[in-house]
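Visitor: Please show me the model, and then walk me through how its parts touch.

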Amino acid sequence: MDILVTEDQEFFREATGKFLEQECPLPQVRALYGDPTGFTAAYWKQGAELGWTSLLVAEELGGGTISGSAVADFMALVDLFGTHVAPGPLLATNLVAAAISRWGSDAQQADVIPGLLAGDTVAAWAEAGEVTAERAGDDLVLQGAKTPVEAGAQADVLLVTATLDGAAVQVLIDPTAAGVTVTALQSIDMTRRFAKVEFEGARVPASALVGGDDASEGIEWLRLLAATAQSVEATAAAQVAFDLTMEWMFDRYSFGRPLASYQALKHRCADMKLWLETSHGLSTSAARALEAGAADAAELVSAAKAFTGQYLAELVQDCIQMHGGIGLTWEHDLHLYQRRIVTDRQTYGAPGDHRQRLAAIREVV
Amino acid sequence: MTESVEEFRARAAAWVRDSLPPQEGGQGMIERRRKMNEEEELAEVQRHRDLQRTLWDGGFAGICFPAAYGGLGLAYEYQLAFNEVADGYQTPSLLQVPTMVPCGAVLLDFANEDILKRHIPAILRGDEIWMQFLSEPSGGSDVAGALTTAVRDGDEWVLNGSKIWTSGAWAADYGLCLARTNWDVPKHRGLTVFVVPMHAEGVELHRIEMTDGSREFCQEFLTDVRIPDTYRVGEVDDGWTVGTRWMFHERNAMGGGSPYVSGQRYSNVVIPEEGDKFVRLARQAGRLDDPRTRDLIGETRMLDLASEALTTRVSEGMLSGRLPDTYASITRLMHAVDAVRKASIAFEIAGAAAVASEPGERFDAGVSWLVRQQGAIGGGTTEMARNNISERVLGMPREYNPFSNVPFRDVPKGPPSA
């Protein structure tokens, strides 16, 4: 990420960086592996106090950007989450906070935003999967399933994308409401948790709609935000895996020489460096385009998600190969980054999905 | 009062619209070029010289070249703004690499005032096309192993040897030549750089035919070519200092990040009303609805944007000093990876028509595939780029070289004779 611009952003990052180092070092990340929630309430509350949930929320609602560039601020935070493979429902909560801040009614804002800002509540965006909404008097009835939903089993409130009268809409719903079943899923990531959310005749009032009868533009923006965040986070995690590997290349001796002296390995490190620098460049370009509302934002975001998904997954496997057997052990830290990188790769569109999106855009230029 | 980038962009956009012809269609371009006779080829070069002259007359030539030598002396952002607005229009692409960069850029770094005052404005006017006399038949990547010799004779130097892979040299006016001036010191310490007029007595030129039918590359034989000492660039025996910058400029140009290159940066040109090149190919092949083909089209676009984003990151980083110049090897490598993959994808989409069809874009994809490795060889091979990235960027140990302190005269240049 190159989009750090202001001293305020630097200060914000330093505070979060220090906090993550102290409160959530890698042994703590490991300890949370078997934990069904994947983070502690106290940790999330402290994170919220540092501003983790406020960046994409409007100032008049108690949020606010640090640099004046909300997307850039948020990506700077996501970048740190990648570096530290940090726990907590960062993306899930911020996607919903942004949606309610931008398109929610006064009542929805009053209901949802304060809890998220304070770190007392958690939200989840249920996007992947088909749900239909039907009108029944003043109510909407939801039918279908969403999976995987990040933080679905931890969330106090769900924002669900659905089809209503042929249009894309979003609906706020309490996950404990009748007709909603939340099932925790297994997850590859050490601390990020996912759930399946099923709707069988779940009823909400029509006032639960966020962004009206056609929310397709908003949903698209949230998708772009999510995909950009994942590109940024995976790049940051891959940077650490690569740095660990470079250290190893110099320290590890084989046949009387450091691994770093073998041309066959040097050339592979050069390729990894290329993939990494390109991932930094693309995720930065995607974030800038999204921030600016540029016409080519969708293309850049899909290019970033497709590229980071494809190449960083290869990069981390190559890092493991360079380490030899130790790289496959639970004891070594490489898998913590590997897990985060592939979790980011597979959700919100795998590389192949984003290549299809790019082709569709290209078809009409 | 300095004009802002935005003001410049607006002025350039209006000028480009009024002054430059729009880009032509891509149908059968390779075929067309291959069938050109010499007269048509010369006319094509003249067309590019005229386009350069148009830029000069319009006040848009040499945007990042110093004003003292006829340029505009502006920052890279202005050049990028110009490139953006020139997209879709004809620009003098034949005069960019190697004339503007690396040749022009190397002159700016090392040439004496007389050379600069005489030649940089001539280059910017489109009057002079320059060549690199760098590679030799004895070795491509080992540039510092040059065998072409320059011997001093009073105020002149006498050059003998051969240079190769000079693209477009048949139409060129000058060459920048790396020659050996001292055989009794280690390889890198006995080189000197000279300006060689292409039409000097003793310069003999042969065109090389490539597998795609192109005859752009040339080989020159230098026999007792006399060059005045005033055409020396840099100090005697210090040619590797010049050569190092030379290769930086070359890598930077290959990676698309040189401020001295004007015009279109990327190859996947959208032709008005014909759209994206790969979509066109798929449509012609009747495969536009095939998900696998669409996956490949998506990949080409991903690569375009990846190259562009990398170039932006690296050029911004190098300009601000945040990244060292050695990063140019990374963009150079990306350029090759991108070009090689896209050539394969075009070939894949084109299907059987790539190897057997009437003239057209699909057959061009087949012919282009034959020279797919060109972008991974010319301008420094990808193997050299990977060496440079691992050694100069990542700081990994240099390859073992037993000859670093041996006089070049004593370094083996072939298998031991029986």
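Guide: Domain bounds come from an automatic or database domain assignment. This is a predicted model, where local features need pLDDT of at least 70, side-chain atom pairs count only at pLDDT 80 or more, and totals for chains, interfaces and linings use all residues. Residues are numbered from 1 along each chain as its sequence is written, while chains are lettered from A and ligands numbered from 1 in the order in which they are written.

Visitor: Into which domains is chain B divided?

Guide: The bounds come from the assignment just described. Chain B is split into domain 1 (131–242) and domain 2 (266–393).

Visitor: How many residues does each domain of chain B give to the contact?

Guide: The C-alpha centres of domain 1 and domain 2 of chain B are 31 Å apart. Two residues are in contact if their C-beta atoms, placed from the backbone, lie within 7 Å. By that rule, domain 1 of chain B gives five residues and domain 2 of chain B gives seven residues.

Visitor: Which helix gives the most to the side of domain 1 of chain A that touches domain 2 of chain A?

Guide: Chain A has domain 1 (7–118), domain 2 (123–208) and domain 3 (216–363). Domain 1 of chain A puts 23 residues into its contact with domain 2 of chain A, which puts in 18 residues. Helices here are DSSP runs (H or I, at least four residues), numbered from the N terminus; H2 (26–31), H5 (90–103) and H6 (106–118) of chain A each supply at least two residues of that side of domain 1. With seven residues, the top giver is H5(A).

Visitor: Which helix of chain A gives the most to the side that touches chain B?

Guide: In this contact, 32 residues of chain A meet 28 residues of chain B. Helices H7 (216–251), H8 (263–292), H9 (297–323) and H11 (351–363) of chain A each supply at least two residues of the chain A side. The most, 14 residues, come from H8(A).

Visitor: Why do H7(A) and H9(A) count as roughly parallel?

Guide: Axes are lines fitted to C-alpha atoms, for helices over the stretch in contact, and angles run from 0 to 180 degrees between N-to-C directions. The axes of H7(A) and H9(A) come within 9 Å and cross at roughly 25°. Angles under 35 degrees count as roughly parallel, over 145 as roughly antiparallel, 65 to 115 as roughly perpendicular and the rest as oblique. So H7(A) and H9(A) are roughly parallel.
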